Amino acid sequence: FQSTIDWDAASGWTKTNIDATIYTTDNGSILQYATWNGVTGTNGGSRYIAMAQGFWVKTSVSNPVLQANENSKAAGTQTTFFRESSPQNLLRITLLKGSTRDETVIHFRDDATENFDAYADGLKLPNGTFNLSSLQSDGKKLAINSLSSIACGSAIKLNIENAVDGGYTLNFSNYQSF
């Protein structure tokens, strides 16, 4: 379409056997993936997909269908989305080295489980630089990890890959809604 499209549009999409998360790339000097699962995103990912922007979806079952019609368009919408209110029960973790960054999100929501939830979780796709993800108990790497809740004393493992020697900073944000 000659327009921004809205992954979360109320109509205009047929998504059969398609996971909820979309993946787009920032093809700047270093490859980096942005994700959006319908509630939250990483690395600048949002519900809006820019005109001519490629994106990926995941399916783990046969016969997937992904179709969009004119109702999926968000004409005049810029791809930067400023939400009216932030998602609740969310922890954003950012790994920084100089101006290079990567994010992972832990999101607590009632409909999530400890296993991979196609409607809520987003897999980690490898960036061209270091990678930060959370790990499920089966070792699956997630950019967006949605969980129903955790008990005090529980742990969520983080994973860092392709980091080279040097100083890194971990920033934790959005935890105020807990």
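1. A residue is called buried under 20% relative accessible area, exposed over 50%, and partly exposed in between (1.4 Å probe, protein chains only). By that rule A9 is buried, because its relative accessible area is 19%. This is a predicted model, in which local features need pLDDT of at least 70 and side-chain atom pairs count only at pLDDT 80 or more, while totals for chains, interfaces and linings use all residues. Residues are numbered from 1 along each chain as its sequence is written, and side-chain values use heavy atoms, with hydrogens and water left out.

2. A9 sits in the loop between β1 (5-6) and β2 (13-16). Strands here are DSSP runs (E, at least two residues), numbered from the N terminus. Apart from neighbours within four places in sequence, A9 has contacts (heavy atoms within 4.5 Å) with R47, N71 and S72.

3. An open sheet is built from three strands in the order β3-β4-β5, with antiparallel pairing. β3 (22-26) and β5 (41-42) are at the edges with a single partner strand each, so one side of each has no neighbour in the sheet. Two strands count as paired if DSSP finds at least two bridges between them. β4 (residues 32-36) and β5 are joined in the antiparallel sense over two bridges, and T35 faces T42 in β5.

4. How many salt bridges are there? The count is eight, taking a salt bridge as a side-chain nitrogen of Lys or Arg within 4 Å of a carboxyl oxygen of Asp or Glu. One of them joins R92 and E103 at 3.1 Å, N to O. R92 belongs to strand β8 (residues 90-97) and E103 to strand β9 (residues 100-108), so this pair ties together parts 11 residues apart in sequence. R92 and E103 are both buried. A network of salt bridges links R92, R101 and E103.

5. K124 and D102 form another salt bridge, with the closest N and O atoms 2.5 Å apart. This pair links distant parts of the chain, 22 residues apart: K124 is in the loop between β10 (122-123) and β11 (131-135), and D102 is in strand β9. Both K124 and D102 are buried.

6. E161 and K141 also form a salt bridge, the closest N and O atoms being 2.7 Å apart. E161 is in strand β13 (residues 157-161) and K141 in strand β12 (residues 141-147), so the pair ties together parts 20 residues apart in sequence. E161 is partly exposed at 30% relative accessibility, and K141 is partly exposed at 32%.

Technical notes
Helix = DSSP H or I, 4+ residues; strand = E, 2+ residues; numbered from the N terminus.
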